[in-house]
Amino acid sequence: MSEVFISGIVVFVLAAFVGLEVISKVPPTLHTPLMSGANAISGITIVGAVIAAGVGQGTFALVLGFLAVTAATINVVGGFLVTDRMLEMFKKKPGRSK
Amino acid sequence: MTEILYLGAAVLFIFGLKQLSSPRTARRGNMLASVGMLIAVVVTLANMEDIGWGPIIAGLLVGGGVGAALALRVKMTSMPELVAAFNGFGGVASALVALAEIERTGAVFDTETGVVVALSLGIGSITFSGSFVAFGKLNGSLPGRPILLPAGQLINAILAIAMVATAVWAISTEEALAYWIVVGIALVLGVLAVIPIGGADMPVVISLLNSFSGVAAAMAGFVISNSALIIGGALVGAAGFILTVLMGEAMNRTIANVLFSGFGATTAGPVSIGDKPVKSATPDDVAIALAYAENVVVVPGYGLAVAQAQHAVRELATELEEKGVTVNYAIHPVAGRMPGHMNVLLAEADVPYDQLLDLDQSNPRFPQTDVVLVIGANDVVNPSARDDDTSPIYGMPILEVDLAATVVVVKRSLSPGFAGIDNPLFYQEGTMMLFSDGKAAVESVISALSNV
């Protein structure tokens with residue numbers, strides 16, 4: 001295995017543990033926004049899609065690239081916007097004790 | 001420098017997720033994560049030389065427009081299917097990245113790259129087709145009940161083996177066509193894996209598909225050797241995994257059990273209490289019980305979402321609070337069709353989140369609660385999960401509403417819930433049944449309240 005690949009595996013495993021650690025204490029009230037926010041982050045594949053669309057040669061490769069960018073952008077833009085819409089609604093009642 | 005900026009984006013994702021764990025900071029967390037995403041995209045664009053901009057710009061415009069339109073127009077009750085759809089788009093994007101790489105290189109990879117290409121294709125495609133079946137089940141265009149195929153599990157096992165074998169063939173012969181066959185098998189497998197799963201198990205399925213969309217992105221990151229994708233994907237994979245485990249625990253079931261058993265199709269034990277009398281109540285009875293209570297706990301379920309009754313419930317709570325009644329909401333982790341579904345609906349109706357109690361907070365309160373109002377929930381308040389070790393749902397943690405002085409159940413009919421199990425709660429001494437659509441019932445109770 002190449003060194004790049006092995007360091008990729010190291011990064012993957014460490015990031016997964018960071019994720020488990022950071023997210024394990026999310027209260028049930030926020031489960032939906034957490035899921036849709038995380039979903040938007042999985043749209044990071046947009047980076048790969050942009051590269052693919054940019055370097056593609058030939059019509060078919062460009063079509064694949066275009067579709068990848070489109071799907072990833074729907075995921076990113078839609079995911080962050082809808083999460084924001086939801087979180088905007090989560091309010092604490094002002095002045096309520098306890 | 002590029003790598004450092006990608007790392008910065010990943011750090012913003014981590015901070016964002018961290019802040020998403022508290023209602024006070026959650027909105028800022030989401031913004032931080034979106035800034036991270038913007039940085040990653042801008043860095044990528046700035047680094048590209050000699051490229052065709054056409055497909056990139058077209059994709060960003062079309063995707064941005066569609067995504068924004070979906071996000072801004074969706075009703076809160078339709079949130080589960082939208083999240084399912086977004087999972088699907090993320091999955092297919094990762095699969096397409098791998099396909100584009102196959103096109104670019106002519107499928108000539110070293111072994112480890114071939115493996116991650118096959119994984120991106122397989123996981124991404126399963127996420128895509130599985131998510132859209134889930135989407136169809138959630139928005140009603142496919143039947144929500146489990147659809148069991150004869151020998152379904154055997155077919156799925158054969159398909160899974162065939163997919164792995166085809167992937168091995170693809171990697172060893174560097175044959176592009178074989179990679180495409182992997183995609184085809186994965187798409188079929190995604191459909192067949194989700195179609196037997198019933199509506200009430202959707203919280204587990206959506207969480208699992210969420211996790212898959214992250215893993216697919218991470219695999220695409222290995223394909224193009226990009227650390228931002230690997231980190232971002234791994235974070236999402238972990239988040240989805242945690243939610244999947246939590247949802248499974250809330251149903252006392254393993255993930256394998258949810259995926260492979262088609263729960264609603266299993267036959268329940270003999271129903272022995274079907275002839276017992278039920279106390280049917282009028283809206284006036286309910287209004288009187290509520291008005292003279294000191295504290296009331298509302299237990300919402302999927303029926304509340306179906307009836308779109310969240311605003312009416314909020315109005316009822318406001319009326320009661322004006323009469324000096326304390327109102328809280330007890331929410332079971334798997335109430336609804338996705339994790340946190342009820343919380344989002346009630347937040348939409350301006351219910352403050354500190355009135356929403358989870359399982360551990362609400363159960364100790366029920367013995368001191370005067371009236372529990374159950375709206376559109378059934379299995380999550382079924383005492384046989386606690387008392388009857390022959391019950392199919394025995395062992396599932398429930399909201400113990402049967403310990404309260406009075407229970408009002410709003411339900412359209414006496415029909416059993418999703419699991420097909422009778423609910424002894426309905427025949428209990430202190431239970432009143434209000435047979436009606438959730439929203440109509442709550443509205444009639446509100447108008448009856450003004451006469452009390």
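A residue is called buried if 20 or more other C-beta atoms lie within 10 Å of its own, exposed if 12 or fewer do, and partly exposed in between; the C-beta atoms are placed from the backbone. This is a predicted model, where local features need pLDDT of at least 70, side-chain atom pairs count only at pLDDT 80 or more, and totals for chains, interfaces and linings use all residues. Residues are numbered from 1 along each chain as its sequence is written, while chains are lettered from A and ligands numbered from 1 in the order in which they are written.

**Stop one: select chain A.** Of its 98 residues, 62% are buried. Color by secondary structure. Chain A has four helices and zero strands (DSSP runs: helices are H or I, at least four residues; strands are E, at least two; both numbered from the N terminus). Now check the outline. The C-alpha atoms of chain A fill a box of roughly 65 × 35 × 15 Å along the principal axes.

**Stop two: select chain B, 74-264, then 283-449.** These are domain 1 and domain 2 of chain B, with bounds from an automatic or database domain assignment. Their C-alpha centres lie 35 Å apart. In the contact between them, domain 1 of chain B gives 21 residues and domain 2 of chain B gives 18 residues (contact: C-beta atoms, placed from the backbone, within 7 Å).

**Stop three: stay on the domain 1 side.** Which elements give two or more residues to the side of domain 1 of chain B that touches domain 2 of chain B? Select helix H4 (79-105), helix H8 (202-223) and helix H9 (227-250) of chain B.

Technical notes: Contact = placed C-beta atoms within 7 Å.
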